[in-house]
Amino acid sequence: MPGVLRRSASWVLLLIVAAVLLLAWLGPWRSHSREYWIKAEEMLWSYSPSYPINRMTAAPFGEKELVFLKPGPDRIGRIYRKAVFRSYGPNFDTLLDGPQPSGGANPDGGRVRRPGSREEHLGALGPILRAEVGDTIVVHVRNETRFPVSLHPHGVAYDKANEGSGYAVSSRDSTGSHRAHQVHGGGSPGHAVPAGGTFTYRWQVPPRSGPGPADPDSIAWPYHSHVNEVGDTSAGLVGAIVIHRRGSLDERRQLPKGVDRQFVNLFTVTDENKSLYLETNMREFLGNAPINPEDEEFVESNLMHGINGFVYGDLPGLTMAEGEHVRWHVMSMGTEIDIHTPHWHGATLLENGRRLDTTEIFPASSRTLDMTPDRPGMWMFHCHVNDHMEAGMHAMFTVRRRHGNQMDRTVRRAPYVQRWSWRSEASQQGSFSDQCQDAA
Ligand SMILES: [Cu+2]
């Protein structure tokens, strides 16, 4: 090879090596655009798939619990029509994650939140939206419910068009003088996506959206529909955004580096009396029975004290192994009774450097805690407010024993007697109210 050619070939080689090294160096600083395809959808949701067995006692429910769960001529029971967020592949083609009607017998539900999946414990919550500081989050929302909905995020950065919330603000024109115009949601259709409509939200994730100096390397924010805020959130249109410090998200496992499990738990008294679907539920489950929706006992029966939409120990999927690094994000929504104190049996946790086994959350606030479980077994995880405990705000978490690298699978949830599919459950509930109507 002539010298000139040889020299230029080695220059090319040198340039390629330099480019590869530069790309590798830039890798952690490259910002991502994280794209999500989310549908708002209606479904029948059961707060208590193990009904009539109380999983916390392995015995049939008693009078006190049946107030909330048992359908009757003047009681909706444990199944309600709700609206939830679910995530899909590009162009909304394949269902990826989201609540499924309890029982899993629905045609598309078998693939999502299945036993053993990372998302199983999310229950009625929308899919987790994940990002790192420096990223942009793009969320395409399609509204398949009968009401207008929006997607309003907490914590991340947005302009008025992407706030997902409409209220009257005045604006200045180009001369700087105040215009009397009221601008709702920045004039953007994103503040209320109509039934059948689609909108794309764009949010930035600057450092002020990520963990603060005393936080662990990931924190959670709620997101929810904000058209009729009380009605929307009571209907179920709620989920979580988890923001990671730059470079701390393990992209393959979609978990923070060094964390083995991550759970997000929403403690809330879902007020079905305030849901967008109250009238629909009354029609669907009570027919034309003359019921006063303000009757005190009827109102009480529709207060569902749940964790991720499940009551009395029915939340599945809180499973881990001893010695693992487990991250818990707990949050709340609701009203003045939504003062919750999540308490873990059998373990302690660290919250921003403080050691505790009980924390406190209020509507729309969240806490992030780290646990290293050291006592294998099944442990209670519940709200420590007396009234909430009695009304069902319980779950269980399972710590499996380790044999070397193997998890012992013999620790299992207490078996419950019958397996209800949502179809049989819904038809059972339907036929019960039908019978009552026949009898009336
Ligand atoms: Cu509570």
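Figure 1. K39 stands opposite R86 in β4, in a predicted model whose local features need a pLDDT of at least 70, whose side-chain atom pairs count only at pLDDT 80 or more, and whose totals for chains, interfaces and linings use all residues. Residues are numbered from 1 along each chain as its sequence is written. Strand β1 (residues 33-46) pairs with β4 in the antiparallel sense over ten bridges; helices (H or I, at least four residues) and strands (E, at least two) are DSSP runs numbered from the N terminus, and two strands pair if DSSP finds at least two bridges between them. Strand β4 (residues 79-88) is mostly covered, with nine of its ten residues buried, where a residue is buried if 20 or more other C-beta atoms lie within 10 Å of its own, exposed if 12 or fewer, and partly exposed in between, the C-beta atoms being placed from the backbone. Strand β5 (residues 95-97) runs antiparallel to β4 and is joined to it by two bridges, with L95 in β5 as the bridge partner of Y88. The hairpin of β4 and β5 has six residues between the strands, and N91 there takes a positive phi near 60°.

**Figure 2. The open sheet of six strands.** The strands follow the order β17-β16-β19-β23-β21-β22, and their pairing is mixed. Because β17 (303-307) and β22 (354-356) stand at the edges, each with a single partner strand, one side of each is left without a neighbour in the sheet. From one strand to the next the twist averages 25°, with axes taken as lines fitted to C-alpha atoms (for helices over the stretch in contact) and angles running from 0 to 180 degrees between N-to-C directions. Strand β21 (residues 349-351) pairs with strand β23 (residues 366-371) in the antiparallel sense over two bridges, and L349 has M371 in β23 as its bridge partner.

Figure 3. All seven of the seven residues of strand β19 (residues 326-332) are buried. In a regular strand the side chains alternate between the two faces of the sheet. In β19 both faces are covered, with V326, W328, V330 and S332 buried on one side and R327, H329 and M331 buried on the other. Strand β16 (residues 261-271) runs parallel to β19 and is joined to it by seven bridges, with S332 in β19 as the bridge partner of F267. The pairing of β19 with β23 is antiparallel and extends over six bridges, and here V326 stands opposite M371 in β23.

Figure 4. The buried residues of helix α4 (residues 278-286) are L278, N281, F285 and L286. Seen down the axis of α4, these buried residues fall within an arc of 85°, so they line one face of the helix, the arc being that of the directions from the helix axis to the C-beta atoms. On the other side of α4, E279 and R283 are exposed, and the helix is followed by G287, whose phi is positive, near 60°. G77 lies in the loop between α2 (63-69) and β4, and it is buried, with 25 other C-beta atoms within 10 Å. Although G77 and F285 are 208 residues apart in sequence, they are 8.6 Å apart in space, C-alpha to C-alpha.

**Figure 5. The largest nonpolar core and the surroundings of A240.** The largest nonpolar core has 88 residues, and those with the most contacts inside it are L129, V139, V141, L237, A240, I241 and A395; such a core is a set of buried Ala, Val, Leu, Ile, Met, Phe, Trp, Tyr and Cys residues joined through C-beta atoms within 7 Å. Strand β1 gives the most to this core, with seven residues. Leaving aside neighbours within four places in sequence, A240 is in contact with L125, I128, A220, W221, P222, V264, H329 and M331, two residues being in contact if their C-beta atoms, placed from the backbone, lie within 7 Å.

Figure 6. The protein averages a pLDDT of 86, and 82% of the residues score at least 70, pLDDT being the predictor's confidence in each residue, from 0 to 100. Over residues 104-110 the pLDDT stays under 50, and the model has eleven contacts beyond four places in sequence for them. Over residues 414-440 the pLDDT is below 50, and this stretch has 38 contacts in the model beyond near neighbours in sequence.
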